[in-house]
Amino acid sequence: GTSHGSMAPRGCEVPADTPSLGTYDVDDRGTVWADNCAELYEEAVARQWSSARDIPWDRLQELPDDIERAVCQLCTQLTEVEFVAGDLPAKWLWRINHDFHEVKLFLASQIFDEARHMDVFRKRALANGGGLLQASPGAERVLRIILEAPTYTVASALMHILAEGFVLTLFRHGEFMAPTEVEKKIFRLCMQDEARHVGYGTLHLKRFLEEHPARAEEVHQILDLGEEAMLSLFMEPQGIEPRLILAGGGVDRMLEGMMRTAFLYEKQVREYLHRLHVAGLDRSARCKMPHQLPH
């Protein structure tokens, strides 16, 4: 922990009459730290990209109606959820003690990553004649659990490992969801960013559990809620249908899409449980999501 609540840089001399600013109440290192946060910040700065400059918008071709609608529905949902991964760090950033500047720098880079994701998915929805389609009540329920989480640590576990982990696996398999070079490039660039966020979340939870082993149950309880909400989100028509259409390659090939989506879902759950295992949390017996996608 660190007791001084000022913005004095770590390592400098702090005169006795330096006022404490009173906001920095997240001041226990075990609740925010991850051993990789400094490296992740450096990587984030080096790998910034631009939705205007780095996406080959000129390669966008006209698509069959069912495919374009599916892309636009998927992009609508991604536009809806991307901002939470910026809002959540923003909610906690000003409360994290100034001594943990590496964490704060990394979280600031994450906020900008998410702004870029929200921007690029919105642009793609609007770029090819489809537009923004239907919002998702299920997504809002997941987002609420993240935003209202009682501590930074459980919020981070829920967002960085569960929510962003699922999105990372989706982007990694974005090649078969992407009808043109435009979506392929978007998924690839977003994937690099998500990998950093998931990497921070995994090592952050590991550090937390090492320093506060008695608090594992708090993490379990929030993941119980989050997994249940994720599962009902998966069952929502505006969530699952565009994925089936894109994975299959059209409305008439949704059965093939179902097989690929089931494979992707199994991989999402498996990779999620593996990341928790790496962090020192065993949820294999407790996971509220079935290991296979229910039909």
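The radius of gyration used here is taken over C-alpha atoms, and the globule rule set beside it is 2.2 Å times the number of residues to the power 0.38. For the 295 residues of the protein chain, that rule puts a compact globule near 19 Å, and the chain itself has 20 Å, which agrees. This is a predicted model, in which local features need pLDDT of at least 70 and side-chain atom pairs count only at pLDDT 80 or more, while totals for chains, interfaces and linings use all residues. Residues are numbered from 1 along each chain as its sequence is written, and side-chain values use heavy atoms, with hydrogens and water left out.

**Overall architecture**

- The protein chain holds ten helices and zero strands, where helices (H or I, at least four residues) and strands (E, at least two) are DSSP runs numbered from the N terminus.
- Taken along the principal axes, the C-alpha atoms of the protein chain fill a box of roughly 70 × 45 × 30 Å.
- Among contacts in the protein chain with a separation of 6 or more, 82% are between residues 24 or more positions apart, a contact meaning heavy atoms within 4.5 Å.

**Surface and charge**

- Of the 295 residues of the protein chain, 54% count as buried, a term that means under 20% relative accessible area, with exposed meaning over 50% and partly exposed in between (1.4 Å probe, protein chains only).
- The accessible surface of the protein chain comes to about 13,100 Å², and carbon and sulfur atoms account for 56% of that area, as computed by the Shrake-Rupley method with a 1.4 Å probe.
- The side chains of the protein chain include 32 positive and 45 negative ones, and the centres of these two sets lie 3 Å apart; Lys and Arg count as positive and Asp and Glu as negative, whereas His and the chain ends are not counted.

**Nonpolar cores**

- The largest nonpolar core has 58 residues, and those with the most contacts inside it are Y200, L205, L223, Y272 and M289; such a core is a set of buried Ala, Val, Leu, Ile, Met, Phe, Trp, Tyr and Cys residues joined through side-chain atoms within 4.5 Å.
- Helix 6 (residues 152-172) supplies the largest share of this core, namely ten residues.
- When neighbours within four places in sequence are left aside, M289 is in contact with L162, F166, E227, M230, L231, Y265 and Y272.
- A second, separate core has 27 residues, including W49, C75, L78 and L170.

**Individual residues**

- T169 is found in helix 6 and is buried, with a relative accessible area of 1%; not counting residues up to four places away in sequence, T169 touches L264, K267, Q268, E271 and R275.
- F100 lies in the loop between helix 3 (84-93) and helix 4 (101-127), and at 6% relative accessibility F100 counts as buried; F100 and V26 are 74 residues apart in sequence and 10.0 Å apart in space, C-alpha to C-alpha.
- P237 belongs to helix 9 (residues 237-248) and counts as partly exposed at 43% relative accessibility, while the C-alpha atoms of P237 and S136, 101 residues apart along the chain, are separated by 9.4 Å.
- D282 is placed in the segment after helix 10 (254-279) and is exposed, with a relative accessible area of 56%; the C-alpha atoms of D282 and H220 are separated by 9.3 Å, although these residues are 62 apart along the chain.

Notes:
Charge placed at Lys NZ, Arg CZ, Asp CG, Glu CD.
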